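Open the structure in your viewer and keep the selection tool at hand. The tour below goes stop by stop.

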Amino acid sequence: MNIIETHNLTRRFGRTEAVHGLDFKLPAGSLCALLGPNGAGKTTTLKLLMNLLAPTAGEARVLGTDSRKLGEREFAQIGYVSENQQLPLWMNVRQFLDYCRPFYPTWDRGLEATLLAQFALPENRKLQHLSRGMLMKAALLSALAYRPKLLVLDEPFSGLDPLVREEFVRGLLEVSATGEWTVLVSSHDIEEVERLCDRVALLDQGRLRLDESADGLLGRFRRVEVTGAAAETGPAPGWLEWERAGVLTRFTDPAYAGEATERAWRERFPGGTVVARPMALREIFLTLARSGCSETLKGAAA
Amino acid sequence: MKLIWHIVKKDLVRMRLPLALWVLLMVAKIGLGVALRAGDGVDFTWFGRIELYVNLCTWLDALMIYILVAVLIHGDALVGTQAGWKTRPISGARLLGAKVLGTLLIFGVLPVLISLPWWLMCGFGVHEIGDAILESIVWQALFVLSSLALAVLSENFSRYFTLTLAVIFVVAVGCLLQVAYLPDLGHPSPTVQESRVLVVLALVLAGLVGVVVHQFLTLRTWRSGGLGLAAIGLAMVAASVWPWDIVLHRMGPDPEVARGVSLTLERPSIDRGPNYADTKSIHILFELHAHGVPEDRVLSASVTRLSWRGADGAWLNAVGWTRGGPLDLPLRRVLQIPPERVDEETHRFVALRQAEAHARDHQMPATPPVAVPGDAYLRSTVTLKAELADQLPDKLQEGELTTDLELDRPLPLLDMPLKVGLRQAKAARSVRIAKVDLSPVKVWATDRILWVVETHPLNAARWWWPIFRGDWTYGIDGGAGYWEVNRSQGMVRWLASMGMGYSVAVDGVRITWARIEVQAPRVVRGGKWVAGQPDWVDATTLALVGFTDAVRFSRTLKVERLSEPPKPKAEPAEAP
């Protein structure tokens, strides 16, 4: 069952198309990272999914319901945390949780207490006096305590210092271990996302460039270094970031498929020494961003 | 409902500081009222200063309402994508319910609770408190509803303020355009004009409510704003072109007590008046004679509606005013005042002087004295533009004159001896004689000046409700008035309306400091006025008389061609 499904989801702001014909599916139980450079349309996509914005065209279904018709029943099963979300800053943490609780029939006071202790949130401090990290944790707590089926996080790491970020991710991971939910998180912070997510979607200029499992993505990208290859040998179609410096040739192969691919490299660079290493998600993201995420990428991946 | 109340509680806690400030403001205003009520009744400079503070509080009150509404709504903003409630299990309908409940509690219940001790202190009964609550709610609603409509369309206070300025600008431009391009069409009758007022009010009200409800339920800001603009536009068009009289119950069948009352038209004529050249207007005068007025009732007249058809078939519709109606006889009955002791020499002298003065000032004969129980003379004046003056007698052939009338029963409220410091109260009206001075006029140094501090219900609803009820009469003063009563002389003399003087309204209570001149009885001896009763102060009381059992009806008379005004009479003979 897909928790989120979009069909041709499009949103324009005047002449600017923030999201273009997005077709996206998020199966239940996934932890999906929505990646993309600034202005790629990540936040707009999440706002469309949360019915904070109306689509210009297409549709989105969240928990089986048209996003335009999301109501109290659906939102009782959705947790949404965004860096831009307005929180009642005049409340203290305890008042904030007390205010949120009655709206959720599934609110788990035990989980609330556990998370409160885990996140080390000062109950009597007003939200406006919390650090940014603490504030995000308070928001996360209020979105987790009712065990939502879908957790949507929009740039949750933005502005957090490394220590707080670590705490935040650890908190998320600990909670993830206890619940069965689907998570969609948009972020620039690829290292943190890599630890969290089992699925990656990449948006660029409002278009979905890739959408696959993290393992699959990490598995098919290799950074290859060839020493001593013939100078006239050029890149194969689909290879990215091809560069040559003296006897050293470097490129990224986005379609690594084990022994067969390695054999193909050796055949292409006879006499050369080929060394390939797996890439981190951050490297893959940067490679794709620098390469303009060409459509051929998908073809190569396929 | 539990969750609605949960949201309301959150809002009340969040707004506690501005609410406390607002409560302080309201309490301060009532404090000023208490100070005025206890004041010395003489220092009008001090009164003016306190009045200024009261007015300042009133404006600050309106400003606070404007701000509080924004705080209430923007706490869970309906515009934008950042409001937290939008991704919580809170529907627009539930939020609307919470905000409506919050609005009622804050702007309806809270001011009433604060004002209640003040009303009780001023002697208000259940009926007056009900009226005051209604007034309080209407006053708050004026600002709250318009502020709500602006707040639901804005995300934060700066946009709220900008939107307010924009709407004021649009409405002002719209009004200018309406005046320029949509003048009153169809020469509507007064009743249609009244209907237009009601239609415009209804459209504006519906527009404001529509904007708020639509925005909460759909969150479509542009469409909600469009709805509001459409309502304003429609209201402006309706103000010019609405053709129907929608007040269905206007002056129904005659009430029993009014069936015997009839009117006859004595003298329709044109009066160019002494200032004709300056005012460029003429007055059409109708002398009316009422018959069959019940002896215990006062006949008051107010609006005259004149519909005239010209020779060319065109109609002229105009509204005028009627004055008159004697109170003397029924008042004597309820105050148990014996017939006046008539001093023949004085009576002759006064009658002659009055006739002289009237002829000199108005070029018209004096109003005939009212002496017959059941009769009343009324004078109706319809004012028209001067350019019609020469055309009227020729062009206007026949028409109808409809006069709104009201029969009231005098209701004695207070009857106070002229003693300093005495306070009497009845039917939510309280009067204190703060000071009694000798008259500063040396000729009549035996007269007295009374400095009176009074409170009575503002009771604005009394004026407005009949409009919606449909049998309203303009301008008939149903309020109470002061009379000087001297039973030993059989004298009753009108002094002043209650509320006339330095007056200010504080939360449904009108506080007035009045200066009332009471005259000593005097008689004419040998062509000179002399004191008529040495111990008159002890024999005189200040009576406060109101009206009750109002019965409204109208009478229509046929009007034929006008006559030119009668020439001024010859100079009256020398007075003895």
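Is B:Asp11 buried or exposed? Select B:Asp11: it counts as buried, because its relative accessibility is 2%, and buried means under 20% relative accessible area, exposed over 50%, partly exposed in between (1.4 Å probe, protein chains only).

Before going on, note that this is a predicted model, in which local features need pLDDT of at least 70, side-chain atom pairs count only at pLDDT 80 or more, and totals for chains, interfaces and linings use all residues. Residues are numbered from 1 along each chain as its sequence is written, chains are lettered from A and ligands numbered from 1 in the order in which they are written, and side-chain values use heavy atoms, with hydrogens and water left out.

**Around B:Asp11**

B:Asp11 lies in helix H1 of chain B; helices (H or I, at least four residues) and strands (E, at least two) are DSSP runs, numbered from the N terminus. Show B:Lys10 next: its side chain makes a polar contact with the side chain of B:Asp11 at 3.1 Å. A polar contact is a pair of N or O atoms within 3.5 Å; within protein, one must be able to donate a hydrogen and the other to accept it, and residues adjacent in sequence count only if both atoms are side-chain atoms.

**Where the chains meet**

Now select the contact between the chains: 19 residues from chain B and 24 residues from chain A. Chain B and chain A bury about 2,100 Å² between them, 57% of it on carbon and sulfur atoms; buried area is the accessible area (1.4 Å probe) that two parts lose on being put together, summed over both. In chain B, pick B:Thr87, B:Arg88 and B:Pro89, which lose the most area to chain A, together 34% of what that side buries.

Next, show B:Arg94 and A:Glu72, whose side chains meet in a salt bridge (2.7 Å, N to O). The term means a side-chain nitrogen of Lys or Arg within 4 Å of a carboxyl oxygen of Asp or Glu. Helix H1 (residues 2–14) of chain B gives the largest share of the side of chain B that touches chain A, 6 residues.

**Confidence in chain B**

The mean is 82, and 81% of the residues of chain B reach 70 or more.

How values were computed:
Contact = heavy atoms within 4.5 Å. pLDDT = per-residue confidence, 0-100.
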